[in-house]
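Have a look at the structure first, and then read on.

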Amino acid sequence: MSRIQLTRGAETIISTLERAGHEAYVVGGCVRDSLLGEEPHDWDICTSAIPSEIMECFSGKRIINTGMKHGTVTVLMNDGGYEVTTFRIDGDYSDSRHPDSVVFTSSLRKDLARRDFTMNAMAYNNHFGLIDPFGGEEALRHNVISCVGNAYDRFQEDALRIMRALRFAATCGFSIQEDTSQAIHRLAPQLKSVAAERIQSELNKLIFGKGALQVLLKYSDVMSVIIPEFAPCIGFDQNNPYHEYAIYDHIAHAVSNYTGNDLTVKLALLLHDIGKPQCYTEDERGGHFHGHGVPSRDIANVVMQRLRFDNRTREDVLTLVLYHDSVIEPTPRVVRRWLNKIGEQNFRRLLRVRMADIEAHAKWTQQSRIERCIALSSILDDIITQGQCFTMKNLNINGNDVMSLGVPEGKRVGTILNTLLGRVISGELENDHGELLDEANKLARKC
Ligand code: ATP
Ligand code: MG
């Protein structure tokens with residue numbers, strides 16, 4: 001086992017606590033990530049010292065009382081903030097959400113025993129090395145996620161752990177140990193009692209995981225607890241040659257096909273076809289889902305509000321879901337029109353959504369549609385690099401110019417400007433001040 005390389009701050013905090021006669025270790029995610037050869041994004045420290053003792057040890061440092069009640073103090077070191085938490089045992093869980101109380105303990109082992117998965121229940125310091133009473137290192141070696149203790153009890157205590165298991169399975173590309181997996185399927189409905197924000201945060205990580213496809217497919221039952229609107233999509237045969245997957249499976253493939261890091265794109269893929277079951281029709285050529293962007297958008301709206309996504313993300317996702325399937329002719333004028341309608345950022349995202357969507361369709365349908373996406377993307381790049389006009393802001397004429405032609409302030413000024421912008425976007429007019437002024441003059445005289 002490679003020795004874990006502590007950060008300067010973590011080493012100082014641990015040695016300070018030890019000098020005062022306490023035990024202290026780095027614990028949880030940072031130990032797991034280090035053993036996986038990944039750089040931890042934060043370092044949590046656990047200690048036998050109670051909060052007042054922790055404060056005493058760091059009286060010269062800046063300290064934040066993160067959660068004194070739960071025994072957590074944040075100590076600010078030169079290289080960042082460290083959460084230092086007293087060893088604790090969680091009390092009873094009466095609501096599958098929060099322990100009713102926490103009790104401090106002087107036993108590291110008891111603290112590790114309350115943690116969710118064996119790979120998250122390891123501690124380390126330079127004196128004692130790795131403390132791993134539940135076989136976390138072994139689990140990492142076998143790429144397995146396994147509860148500490150009885151899985152059924154652990155998920156019943158805190159149902160969020162179900163989402164955490166799926167999230168780690170997806171991000172680490174691990175499988176979930178059989179008992180743990182069975183308990184997940186059995187207890188998934190308890191996720192209904194978990195706060196939406198906590199579910200959202202795990203879901204956002206899950207869908208970016210390299211193993212997201214396997215997790216989404218194997219745990220579709222869990223997904224339809226957190227997003228019940230998925231239930232009709234699961235196993236829904238699309239009954240046409242463009243698709244080789246049922247709706248839900250197609251969604252899962254589309255989500256995993258996108259490998260970028262834009263959450264809005266991922267979420268749009270997750271929700272893009274969710275309204276399909278509502279608009280299924282059939283004729284001699286098979287199944288159709290005409291206009292499914294609209295119900296998908298409406299359902300996505302409900303889902304994202306319920307999961308408490310912020311308005312900006314929600315609105316952008318809804319735009320992408322609504323238009324994911326619109327026909328966009330690859331010509332500069334059509335692309336400029338779309339840029340005017342949804343903006344550059346969302347247009348770029350829309351192309352990413354389309355690529356991932358197309359790649360989850362039957363193979364024979366892909367080539368021409370991928371080529372169209374590439375053509376759209378290159379037209380887009382030309383429009384941007386050439387600084388072509390597609391918004392009022394970039395139009396080389398403004399309201400004052402129009403009024404200087406004798407048009408009184410008011411609605412007509414806007415109408416004239418909009419007409420001019422429409423003509424510039426469609427390529428009938430150059431975005432040239434003189435030419436626009438001439439044209440405005442003609443329009444002003446017309447009525
Ligand atoms: P990351 O920070 O990469 O998301 P993490 O495992 O560090 O993953 P945190 O939420 O930072 O997750 O939690 C730190 C540690 O606290 C975990 O490694 C685990 O030991 C424990 N833990 C967190 N949430 C739970 C929970 N719901 N039930 C039991 N133990 C938990
Ligand atoms: Mg962490």
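## Cysteines, cores and rings

The sulfur of Cys 279 lies 10 Å from the closest cysteine sulfur, that of Cys 233, which is too far for a bond. A disulfide here is a pair of cysteine sulfur atoms within 2.5 Å, and by this rule the count comes to zero disulfides.

Before going further, a word on the ground rules. This is a predicted model, in which local features need pLDDT of at least 70, side-chain atom pairs count only at pLDDT 80 or more, and totals for chains, interfaces and linings use all residues. Residues are numbered from 1 along each chain as its sequence is written, and side-chain values use heavy atoms, with hydrogens and water left out.

How accessible are some of the residues discussed here? Buried means under 20% relative accessible area, exposed means over 50%, and partly exposed is in between (1.4 Å probe, protein chains only).

| Residue | Relative accessible area | Class |
|---|---|---|
| Cys 172 | 14% | buried |
| Cys 279 | 16% | buried |
| Cys 373 | 6% | buried |
| Asn 143 | 37% | partly exposed |
| Arg 308 | 54% | exposed |

Cys 172 belongs to helix H7. Helices (H or I, at least four residues) and strands (E, at least two) are DSSP runs, numbered from the N terminus. Leaving aside neighbours within four places in sequence, Cys 172 is in contact (heavy atoms within 4.5 Å) with Leu 36, Met 119 and Lys 210.

Asn 143, in the loop between helix H5 (136-141) and S10, has a positive phi near 55°. Arg 308, in the loop between helix H14 (293-306) and helix H15 (311-323), also has a positive phi, near 60°.

Next comes helix H8 (residues 178-187), where Thr 180, Ser 181, Ala 183, Ile 184 and Leu 187 are buried. These residues are on the same side of H8 because they cover an arc of only 160° around the axis, the arc being that of the directions from the helix axis to the C-beta atoms. Asp 179 and Arg 186, on the other side of H8, are exposed. Packing against the buried residues of H8 are several elements, including strand S10 (144-145), helix H6 (151-157) and helix H10 (212-218).

In soluble globular proteins, nonpolar side chains tend to be buried together. A nonpolar core is defined here as a set of buried Ala, Val, Leu, Ile, Met, Phe, Trp, Tyr and Cys residues joined through side-chain atoms within 4.5 Å. Which members of the largest one touch the most others? Among its 126 residues, they are Val 26 and Leu 191. Helix H16 (residues 332-358) gives the most to this core, with ten residues. Apart from it lies another core, of nine residues, among them Tyr 25, Val 27, Cys 46 and Ala 121.

Finally, the rings. A charge sits over a ring if NZ of Lys or CZ of Arg is within 6 Å of the ring centre and within 35 degrees of the ring normal. The charged end of Lys 276 sits over the ring of Phe 289, 4.6 Å from its centre, and that of Lys 341 sits over the ring of Trp 338, at 5.0 Å.

Terms used:
Chains lettered and ligands numbered in written order.
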